[in-house]
Protein chains: 2
Amino acid sequence: MSDVVVIGAGFAGLEVAKGLGRAGIATTVIDRHNHHLFQPLLYQVATAALSATDVAEPIRKILRRQKSVSVLFGEVARIDTAARQVHMTCGERVSYRHLVLASGAEHGYFGHDEWAQWAPGLKTIEDARHIRSQLLLTFERAERTTDEAERRRLLSIAIVGGGPTGVELAGSIAELSRYTLASDFRSIEPTATRITLVEAGPRLLSGFSTDMSDYARARLERLGVEVRTNEAVEDVGPTSVRIAGEDVPTGLVIWAAGVAASPLARQLGPTDRAGRITVDETLAVPGTDGLYALGDVAHLADADGRPLPGLAQVAKQQGVHLGRSLAAHITTGAAPTPFRYNGRGNTAIVGRHAAVFEQGRLKVKGWIAWFAWAVIHVYLLVGFQHRFLVSMQWLWRYLTYDRGARLIAGDYVETPDPAAPPAPRDRQRTPTPPGVAR
Amino acid sequence: MSDVVVIGAGFAGLEVAKGLGRAGIATTVIDRHNHHLFQPLLYQVATAALSATDVAEPIRKILRRQKSVSVLFGEVARIDTAARQVHMTCGERVSYRHLVLASGAEHGYFGHDEWAQWAPGLKTIEDARHIRSQLLLTFERAERTTDEAERRRLLSIAIVGGGPTGVELAGSIAELSRYTLASDFRSIEPTATRITLVEAGPRLLSGFSTDMSDYARARLERLGVEVRTNEAVEDVGPTSVRIAGEDVPTGLVIWAAGVAASPLARQLGPTDRAGRITVDETLAVPGTDGLYALGDVAHLADADGRPLPGLAQVAKQQGVHLGRSLAAHITTGAAPTPFRYNGRGNTAIVGRHAAVFEQGRLKVKGWIAWFAWAVIHVYLLVGFQHRFLVSMQWLWRYLTYDRGARLIAGDYVETPDPAAPPAPRDRQRTPTPPGVAR
């Protein structure tokens with residue numbers, strides 16, 4: 001039996017495992033992926049700027065030196081808290097004395113799960129590859145169609161949600177279409193791609209102060225992004241999205257609006273509106289023995305009674321704290337100590353030379369924040385190899401506007417566009433003659 | 001109507017398109033992938049050393065400056081040579097005056113297509129990702145099973161075919177298991193993985209001289225690879241492969257034995273035993289008007305009457321030749337000129353410090369050939385960014401034995417091992433206690 005089972009090897013779970021491993025406590029880490037994912041850069045995989053392997057690191061490799069920690073690659077079906085066992089979907093059961101739930105969050109469609117098929121979200125490597133393929137495919141399809149209205153639809157991309165992910169995606173797709181793809185096609189002008197960013201609340205980046213929101217909006221608009229705030233998405237279909245009563249034809253819709261905690265949270269006790277389980281200040285689930293939760297799956301109120309935000313730094317700090325506190329508790333019987341969050345600032349990127357950074361009263365925007373954003377993210381990547389390769393690719397992209405990872409997965413070649421009209425028969429292809437200005 | 005339609009954007013097709021583009025000839029390049037693939041390094045993607053995007057370059061980007069060339073992303077259903085039209089699977093038809101077939105080769109299972117499901121081959125990015133996932137999964141499954149015989153089966157990998165791809169895969173998998181994964185697991189010893197390389201012919205690397213074959217065999221055996229020559233694979237199943245009458249239990253079988261030309265070849269005329277269409281020395285299909293074939297899909301006899309080998313340099317030289325010759329023919333009416341192959345040497349890599357290189361009487365093996373192999377392959381990569389990133393990753397791997405691209409695609413988590421016994425119930429997980437020597 002493991003002393004501790006940790007479910008999830010994200011920022012939170014990994015830190016717990018490292019802390020327990022350092023103390024030599026028998027620990028099993030369960031994850032349904034074999035890799036830890038650096039989610040803050042996942043949008044760059046979705047927009048063909050980085051490759052999937054740049055933001056993923058094998059969990060076994062990270063925990064290689066913690067000999068008391070073993071990694072179990074598989075999916076949890078349910079948790080039997082009475083018997084203190086985790087049931088895996090493959091049928092295996094894993095017994096524990098202490099259970100740490102760090103299974104993170106998933107997309108949330110506000111009760112409209114049927115939208116998921118038309119508006120993919122961005123949480124996993126597969127999500128990022130799927131969005132990348134769909135994004136590149138909408139340009140390919142537009143290049144091939146002869147119908148002008150259809151072409152306009154295909155070259156219309158909507159992003160739902162004005163938080164950091166939505167803003168980053170909108171900025172990155174704008175730069176992809178305005179610069180990277182500018183001279184790749186013969187029949188279409190990728191630079192004319194319509195990009196709509198929809199936010200139901202009154203402003204973008206609501207976690208930042210108002211002037212930062214205004215700055216992000218202005219920068220996106222300068223890149224040609226249509227920013228629509230105070231407007232809700234009312235429906236998502238295969239060829240359009242309804243925004244505040246208006247049907248906007250779309251070739252691609254990306255969902256960056258809602259997150260919902262991992263459904264495992266509900267098995268440990270009562271959850272909040274976002275599906276998170278409430279924990280006390282020691283990160284234990286109140287009224288239970290040996291159950292802990294942290295990161296995006298946990299609801300921990302700060303001094304003002306608001307839940308801590310779903311940020312990597314919150315998850316990481318909680319993981320470090322719980323790893324130490326639980327190790328001390330197991331080895332010496334010490335009482336668990338309370339967690340205190342130490343905000344290290346919040347940053348989001350809009351595009352080239354444009355980012356925002358905020359810590360308390362310190363507010364920075366523009367190219368200094370942009371440079372700080374890049375340095376912080378490279379520093380936070382796990383492993384020297386990733387830091388180096390990502391830096392070099394960013395430098396290359398900065399100098400050339402090029403993006404190397406423009407890969408459409410092969411399984412997509414035969415995917416018919418669900419909304420495409422029947423292909424024209426006997427179309428005469430007429431490439432632009434040489435020397436003609438475009 | 002395009003003057004020329006080129007089917008396939010591999011080494012051959014791309015060079016033809018570049019040549020025609022330089023002469024301003026209206027050309028359409030059709031490919032079922034959006035990327036050109038640098039196949040000589042694909043085995044490194046399959047063995048987690050490089051990422052997929054490192055060996056793929058968008059076709060549109062490569063041909064961006066050839067304004068008379070357009071790229072059509074889609075699959076060819078059939079060729080109507082009478083009407084001079086290419087029919088796409090989506091229903092579109094593309095008319096041409098000259099057709100260049102450069103659609104390459106696929107796996108060939110010698111009439112046993114049912115083996116494909118158990119013994120994946122390596123031709124596309126998806127193939128490489130699939131093999132990588134299956135390769136990493138067999139270690140994951142071995143770590144989880146409690147049955148000793150089952151564990152031995154899962155840690156047994158067979159590679160069918162002793163040509164360059166088979167030798168490279170065997171060497172790379174040996175190094176992955178002996179070094180990279182050595183301390184990643186708790187229940188298994190990846191270093192004990194049984195690796196079998198099977199070749200039906202009398203020796204490995206039959207395209208090289210005998211002493212090179214002997215050297216490759218000795219180096220592989222030193223890495224612990226079991227090399228079986230003069231033994232044919234008689235059957236492939238989900239859990240074993242029958243080699244010369246003996247059933248060898250396997251966790252993974254990789255097919256590197258046979259190639260068959262793209263089936264489109266048969267639509268242009270009579271083909272040889274490997275499905276290749278015979279062309280004359282101008283690369284035209286004899287007895288036709290405006291039909292050309294080159295690269296792996298074409299059979300062109302050398303001075304001794306033997307077909308030229310399926311090498312990148314053959315395809316590339318043929319492409320350069322046909323691009324020029326056809327451009328001159330179209331613009332000035334000049335008669336097509338004959339192609340002469342200029343062999344620039346042949347190289348294959350076995351492992352660290354171990355490769356072979358041969359050109360005529362010049363034969364080099366060992367670390368000089370290994371270094372030459374690396375320089376040649378970096379040089380041949382398309383684009384500075386790829387050259388730089390691949391070099392850096394090789395340097396990193398050389399220094400650390402680490403491989404960064406150890407990514408199991410998420411869709412695999414629920415894939416049950418077809419041959420796995422029912423999962424044990426209520427198994428007690430016992431991680432190695434800290435401080436215990438392993």
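Predicted model: local features only at pLDDT ≥ 70, side-chain atom pairs only at ≥ 80, totals over all residues.
Helix α9 of chain A, made of residues 367-380, lies across β21, β22 and β23 of chain A and runs at about 100° to β23(A).

Those strands of chain A form an open sheet of 3 strands, in the order β21-β22-β23, and their pairing is antiparallel. Because β21 and β23 of chain A stand at the edges with a single partner strand each, one side of each is left without a neighbour in the sheet. From one strand to the next, the twist averages 5°. In general, strands of a sheet pair through backbone hydrogen bonds, in either a parallel or an antiparallel way.

| Strand (chain A) | Residues |
|---|---|
| β21 | 346-351 |
| β22 | 354-359 |
| β23 | 362-366 |

Between β22 and β23 of chain A, the antiparallel pairing extends over 5 bridges, and A:E358 stands opposite A:K363, which belongs to β23(A).

A polar atom of the A:D80 side chain lies 3.0 Å from the backbone nitrogen of A:A83. When neighbours within four places in sequence are left aside, A:D80 is in contact with A:Q85, A:H87 and A:Y96. The C-alpha atoms of A:D80 and A:R93, which are 13 residues apart along the chain, are separated by 9.7 Å.

Definitions and conventions. Residues numbered from 1 in each chain as written. Chains lettered and ligands numbered in written order. Heavy atoms only, no water. Pairing = 2+ DSSP bridges. Helix = DSSP H or I, 4+ residues; strand = E, 2+ residues; numbered from the N terminus. Axes fitted to C-alpha atoms, helices over the stretch in contact; angles between N-to-C directions. Contact = heavy atoms within 4.5 Å. Polar contact = N/O pair within 3.5 Å; in protein donor to acceptor, adjacent residues only side chain to side chain.
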